[in-house]
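Visitor: Hi, I'm new to this one and would like a walk through it. Could you put it up on the screen?

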Amino acid sequence: MDLKRRRSEMTTIAEAFHRVNREEFVYKADGSLIPQITSDAGIRASLELLDVQEGQRVLEIGTGSGYSTALLASLVGPNGKVVSVDIEPELTTRARQMFEERNLHHVQFETQDGRKGWEDAAPYDRIVAWTTPDHIPNAWKQQLKEGGWIVSPFRVLPIADSNVVVRLIKMNGELKGGDVTQGSYIAMTDQTPEKFFGPWIHAEWVGEGEHPWWVSSSWMKKTFDSNWVNRFLNVNPTAPHFPEVGNDLRPYLLAVAPNGLTTAGHPEHGSFIGYSSQEGFALISLRDRQWLATDERHTNILISWWESWKKQKQPSYSYIKAHVVGNQVLVKIKNEEEF
């Protein structure tokens, strides 16, 4: 995408955010906040990948508060069409009423499992999801126009907290991988969720409670070690061995998927990524400059990953791309000609 086009796109998205009053959508009649809300930063990042044009037909998976729907409606204009699907009937009913009151008639709301899309209004130029399917739904591929784009979160490794948001493009009837950005949304379900849940639903080892501790790595699928868990829960944070935080290394680690790659949620210290084995771990906080480590061997392996990242010129999300394998989405580092 050239700079002039990108600036134009950003202006259009900025104008949509300026036109749509977020407060009108995200609060219920009793003043409480709608729980199904994507952050403005998350919405903006997905809309930048989606590159919606005036007059296009867009399928939205996950109505939520209706705020993102209103932004899409603004972007496609009165000559376009937005179909918004959600599994929760209260949300689609609420949004339908709100849009009717605002005389926005180019938006349609339907209650259905988002993985089924909405065939009656297909084909679509764009499909965007605010919830994570377990694989690429066949219905999305079938309902997307040739040359159309899908922007959706996917879990790109078989461990917890490995979600990213990707763009897929339909070319010659097949989906091809495109750009990647940071983002993580709840798992898609075919039933109205009883409660909201976090990345621990995909973790191998999980504690108890509404917001439990959790750890996830491929080797953990074969065993459970209470001593390992006790060390994890009781380890004291240490000073970092390099200046970056885990979020800086995360896109590279998701792309190269080194053996022992581990994600974790600590009850006191937050979210981590790093290396582990049955003998111990070395984990770096995603957001803070702190480590959780058991010994020098594990620490040195994590440092070696950091050194490899440095040698690769510190690839961020803009340096990785999605690729499709069957109905799964993975990520890899771009070739030089792809930048």
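Visitor: Thanks! Which residues does tryptophan 130 touch, not counting residues up to four places away in sequence?

Guide: A quick word before that: this is a predicted model. Tryptophan 130 touches Thr38, Gly42, Ile43, Ser46, Glu60, Ile61, Gly62, Ser68 and Tyr185, leaving aside residues up to four places away in sequence.

Visitor: Where does tryptophan 130 lie?

Guide: Tryptophan 130 is found in the loop between strand 4 and helix 6.

Visitor: And is tryptophan 130 buried or exposed?

Guide: Buried, because its relative accessible area is 8% and the cut-off for buried is under 20%.

Visitor: Which side chains have polar contacts with the side chain of tryptophan 130?

Guide: Glutamate 60 has one, with a polar contact of 2.9 Å between the side chains. Serine 68 has another, at 3.3 Å.

Visitor: How far is tryptophan 130 from asparagine 259?

Guide: Their C-alpha atoms are separated by 30 Å, and the two residues are 129 residues apart along the chain.

Visitor: What comes just after helix 3?

Guide: Aspartate 51 does, and it takes a positive phi of about 50 degrees.

Visitor: OK, on to charges. Which side chain of opposite charge is nearest to arginine 126?

Guide: That is aspartate 51 again, 4.4 Å away. Arginine 126 is buried yet has no salt bridge; the cut-off for a salt bridge is within 4 Å.

Visitor: So what does the side chain of arginine 126 reach?

Guide: Backbone oxygens. The side chain of arginine 126 reaches the backbone oxygen of leucine 50 at 2.6 Å and that of aspartate 51 at 3.3 Å. Arginine 126 itself lies in strand 4, residues 124-129. Its contacts include Val52, Gln56, Leu144 and Trp149.

Visitor: How many salt bridges are there in the whole structure?

Guide: A search finds twelve. As background, side chains of opposite charge can pair when their charged atoms come close.

Visitor: Which residue forms a salt bridge with aspartate 125?

Guide: Lysine 145, with the closest N and O atoms 3.3 Å apart. Aspartate 125 is in strand 4 and lysine 145 is in strand 5 (residues 144-155), so the pair ties together parts that are 20 residues apart in sequence. Aspartate 125 counts as buried at 14% relative accessibility, while lysine 145 counts as partly exposed at 30%.

Visitor: And what about aspartate 134, which residue does it pair with?

Guide: Aspartate 134 forms a salt bridge with arginine 115, where the closest N and O atoms are 4.0 Å apart. Aspartate 134 sits in the loop between strand 4 and helix 6 (138-143), and arginine 115 in the loop between strand 3 (107-111) and strand 4, so the pair ties together parts 19 residues apart in sequence. Aspartate 134 counts as exposed, at 52% relative accessibility.

Visitor: Which residues are linked in a network of salt bridges?

Guide: Arg22, Glu23 and Asp40 are.

Visitor: Changing topic: what is the order of the strands in the open sheet of six strands?

Guide: The order is 8-9-10-11-12-13, with antiparallel pairing. In general, strands of a sheet pair through backbone hydrogen bonds, either parallel or antiparallel.

Visitor: Which strands stand at the edges?

Guide: Strand 8 (205-206) and strand 13 (291-293). Each has a single partner strand, so one side of each is left without a neighbour in the sheet. Strand 13 is joined to strand 12 by three bridges, and isoleucine 284 stands opposite tryptophan 291 in strand 13.

Visitor: Last one: which strands does helix 8 lie across?

Guide: Helix 8 (residues 246-256) lies across strand 10, strand 11 and strand 12, and runs at about 50 degrees to strand 11. Helix 9 packs on the sheet too, touching strand 10, strand 11, strand 12 and strand 13, and its direction makes about 105 degrees with that of strand 11.

Note on methods:
Residues numbered from 1 in each chain as written. Predicted model: local features only at pLDDT ≥ 70, side-chain atom pairs only at ≥ 80, totals over all residues. Heavy atoms only, no water. Helix = DSSP H or I, 4+ residues; strand = E, 2+ residues; numbered from the N terminus. Buried < 20%, exposed > 50% of the residue type's maximum accessible area, 1.4 Å probe, protein only. Lys, Arg positive; Asp, Glu negative; His and termini not counted. Polar contact = N/O pair within 3.5 Å; in protein donor to acceptor, adjacent residues only side chain to side chain. Contact = heavy atoms within 4.5 Å. Pairing = 2+ DSSP bridges. Axes fitted to C-alpha atoms, helices over the stretch in contact; angles between N-to-C directions.
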